[in-house]
Amino acid sequence: MNLRKILLLLFLSAGSFLHAQVRFDRTTYDLGSCPEDTVRLPRCEFTFTNLGKRAVSIAEVKTSCGCLKASFDRRPVQPGKTGRLVLTFDPQGHPGNFLRKVTVYFSQQPHPCILQIKGNVRPASRPRMGVYSKPPSLIATRPCFSGRSRCWQVPFATACRRSVWTSLPPPGCT
């Protein structure tokens with residue numbers, strides 16, 4: 001009976017060595033404070049080391065918010081070597097404190113790694129509202145009918161980057 005337990009333990013421990021072992025140098029990155037209307041987007045870099053006996057590569061990266069963009073090399077990282085994952089944060093529309101999670105899936109590794117990015121976004125000095133780079137004659141309009149009178153709908157930009165259409169009476173009407 002004891003021999004069976006020993007063989008079972010050896011089998012289970014041998015199976016764990018077949019999977020890749022990856023360790024990040026840090027799992028949380030503090031971006032500090034940045035303005036919401038910054039032109040230069042904050043970036044952070046996570047470095048990982050392959051501690052296993054097989055080459056490993058990043059299979060997929062999932063972020064908890066569309067404000068994070070991941071870039072990484074898809075080539076395999078050999079045992080004992082390091083790889084990197086670069087995340088770019090877009091603070092536009094996210095004022096205040098934030099904490100974002102990033103899930104990194106590796107080939108040859110059954111469990112993902114969870115990374116965190118935190119910081120503070122200072123609100124923009126003035127909101128971007130109603131700003132168009134096109135001349136007024138090129139702004140898209142669409143006709144609408146309100147009862148028996150004809151009107152025009154004109155889009156304008158909002159701080160959350162969505163176009164909102166508003167109705168205006170035709171020229172010469174009040």
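First, a caution. The model is predicted. Mean pLDDT is 77, and 60% of the residues reach 70 or more. Two stretches need care. Over residues 7-18, pLDDT stays under 50, and the model has 2 contacts there beyond four places in sequence. Residues 129-138 are also below 50 in pLDDT, but that stretch has 12 contacts beyond near neighbours in sequence.

Look at β7 and β8. Strand β7 covers residues 96-106, and strand β8 covers 113-122. They run antiparallel, paired over 9 bridges. One example: Phe98 has Gly119 in β8 as its bridge partner.

On to the rings. The whole structure holds 6 aromatic pairs. Take Phe48 and Phe106. Their ring centres are 5.1 Å apart and their planes sit at 70°; planes over 60 degrees apart count as edge-to-face, so this pair is edge-to-face. Phe48 lies in strand β3, residues 43-50, and Phe106 in strand β7, 58 residues apart in the chain. Both are buried. They also belong to one aromatic cluster with Phe24, Tyr29 and Phe46.

Next, Phe89 and Phe98. This pair is stacked, at 4.3 Å centre to centre with 15° between the planes. Phe89 is buried, and so is Phe98.

Note on methods
Residues are numbered from 1 along each chain as its sequence is written. This is a predicted model: local features need pLDDT of at least 70, side-chain atom pairs count only at pLDDT 80 or more; totals for chains, interfaces and linings use all residues. Side-chain values use heavy atoms; hydrogens and water are left out. pLDDT is the predictor's confidence in each residue, from 0 to 100. Contact means heavy atoms within 4.5 Å. Two strands pair if DSSP finds at least two bridges between them. Helices (H or I, at least four residues) and strands (E, at least two) are DSSP runs, numbered from the N terminus. Rings of Phe, Tyr and Trp (its six-membered ring) pair if their centres lie within 6.5 Å; planes under 30 degrees apart count as stacked, over 60 as edge-to-face and the rest as tilted. Buried means under 20% relative accessible area, exposed over 50%, partly exposed in between (1.4 Å probe, protein chains only).
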